[in-house]
Amino acid sequence: MADVTPTNPSQARNDPDDPDDPDDSDDPSRYEIFPPPELITVNVGRDKVVYSLNRDWLVYKCPFFEKCLRSGMKEEQEKTVNLPEELPEAFDKLVGWMYTGTVGATPGWDCINAYLLADKFCMHDLQSSILDALRNPYRTNATYATYAIWPKTLDHVWQRSMENCELRKFCLDNVYSTLSYLYDWTPSNTYAKLTTQDKKKFDNLKADYKNELDELIQSGSPVMNALFWKMANSNTVPPNPALLLGCFYHIHKDGEKCMSSG
């Protein structure tokens with residue numbers, strides 16, 4: 001009897017409805033079984049908010065977790081990482097970026113704190129994405145770009161970052177730019193086009209900014225010394241950093257091309 005065994009696997013599925021067909025497409029043995037992902041427990045903050053996260057993603061996306069979970073440390077053995085000093089809201093941003101590649105459309109304090117956390121964890125791509133997110137809202141609303149960073153935000157970042165931190169530079173440059181235009185905080189061209197209601201809103205914003213700056217000066221924060229000397233040593237009015245396009249305040253490895261549109 002001639003050998004009719006098909007040489008092409010697709011030829012083996014002659015009759016999918018035949019229960020005697022050994023290669024029936026409904027046969028579960030046809031499918032490769034993948035093991036479930038290994039989960040790592042991460043306890044964040046004083047209240048120990050619990051996250052169960054894919055170990056492979058943590059190791060792939062974050063150098064800090066790679067060291068914790070691949071070097072024989074206690075965290076690797078116990079499959080648990082404790083971060084008691086970190087803020088859950090900031091960690092939420094970090095986790096969201098690891099799984100989706102985005103940081104969200106509404107930047108605020110959570111983004112600021114997420115950047116500081118990413119800086120601590122050496123997550124350069126996330127740091128660059130957050131700075132783009134902080135600048136993006138002002139691309140279509142240049143009137144309010146002056147107030148992209150407030151004095152208290154600058155002080156918060158200054159006290160929690162190192163000298164080479166790009167977010168620190170961005171915040172300092174933004175407040176410096178605002179103070180450089182102190183004589184004209186109601187830009188004539190854009191301000192004149194606002195409605196009466198929007199002008200009132202802008203005027204209130206300006207007053208709040210000045211009050212916050214006064215409080216920072218009176219507090220004796222060391223950032224005021226840095227701000228003073230930055231202004232004293234400059235001969236030109238700087239551009240508003242919130243409106244810059246391209247690779248500004250990003251962090252890249254040597255020779256690495258910037259892929260961001262920010």
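Helices (H or I, at least four residues) and strands (E, at least two) are DSSP runs, numbered from the N terminus. By that definition Asn43 is found in strand β1 (residues 39-44). The model is predicted: local features need pLDDT of at least 70, side-chain atom pairs count only at pLDDT 80 or more, and totals for chains, interfaces and linings use all residues. Residues are numbered from 1 along each chain as its sequence is written, and side-chain values use heavy atoms, with hydrogens and water left out.

**Overall make-up**

- The chain has 11 helices and three strands.
- Read from the N terminus, the order of elements is β-β-α-α-α-β-α-α-α-α-α-α-α-α.
- Of the 262 residues, 39% count as buried (buried means under 20% relative accessible area, exposed over 50%, partly exposed in between, with a 1.4 Å probe and protein chains only).
- The chain exposes about 16300 Å², and carbon and sulfur atoms supply 51% of this area (areas come from the Shrake-Rupley method with a 1.4 Å probe; for residues, only the protein chains shown count as cover).
- Among contacts with a separation of 6 or more, 62% are between residues 24 or more positions apart (contact means heavy atoms within 4.5 Å).

- Asn43, in β1, is buried, with a relative accessible area of 14%.
- Leaving aside neighbours within four places in sequence, Asn43 is in contact with Lys48, Val49, Val50, Thr80, Val81, Asn82, Leu83 and Pro84.
- Ala148 is found in the loop between α6 (124-135) and α7 (151-159), and is buried at a relative accessible area of 16%.
- With neighbours within four places in sequence left out, Ala148 is in contact with Tyr138, Asn174 and Ala242.
- Ala148 and Gly108 are 40 residues apart in sequence, and their C-alpha atoms are 10.0 Å apart in space.

- Helix α8 (residues 166-180) has 15 residues and reaches 21 Å from its first C-alpha to its last, close to the 21 Å expected at 1.5 Å a residue (the expected span is 1.5 Å times one less than the number of residues).
- α8 is mostly covered, with 14 of its 15 residues buried.
- Helix α10 (residues 196-219) has 24 residues and spans 35 Å from first C-alpha to last, close to the 34 Å expected at 1.5 Å a residue.
- In α10 the buried residues are Phe202, Lys206, Tyr209, Glu212, Leu213 and Leu216.

**Aromatic rings**

- A pair of aromatic rings is described by the distance of the centres and the angle of the planes.
- The structure holds 10 aromatic pairs (rings of Phe, Tyr and Trp, the last by its six-membered ring, pair if their centres lie within 6.5 Å; planes under 30 degrees apart count as stacked, over 60 as edge-to-face and the rest as tilted).
- One of these is Phe64 with Phe65, an edge-to-face pair at 5.2 Å centre to centre and 75° between the planes.
- Phe64 counts as partly exposed at 25% relative accessibility, whereas Phe65 is buried at 0%.
- Phe65 also pairs edge-to-face with Phe121, at 5.8 Å centre to centre and 70° between the planes.
- The Phe65–Phe121 pair links distant parts of the chain: Phe65 is in helix α2 (residues 63-70) and Phe121 in the loop between α5 (109-120) and α6, 56 residues apart.
- Both Phe65 and Phe121 are buried.
- Ring pairs link Tyr51, Phe64, Phe65, Phe91 and Phe121 into a cluster.

- Most residues other than glycine have a negative phi.
- Lys79 has a positive phi, near 55°, and lies in the loop between α3 (74-78) and β3 (80-83).
- Lys79 is partly exposed, with a relative accessible area of 39%.
- Tyr249 is not a glycine but has a positive phi of about 65°; Tyr249 lies in the segment after α11 (223-232).
- Tyr249 counts as buried at 14% relative accessibility.

**Surface patch**

- Trp57, Tyr60 and Tyr99 form a nonpolar patch on the surface, with about 370 Å² of accessible area together.
- Patches are made of residues with over 30% relative accessible area and no salt bridge; like charges are joined within 9 Å, and nonpolar side chains (Val, Leu, Ile, Met, Phe, Trp, Tyr) within 5 Å.
- A salt bridge is a side-chain nitrogen of Lys or Arg within 4 Å of a carboxyl oxygen of Asp or Glu.
- Tyr60, in helix α1 (residues 55-61), is exposed, with a relative accessible area of 66%.
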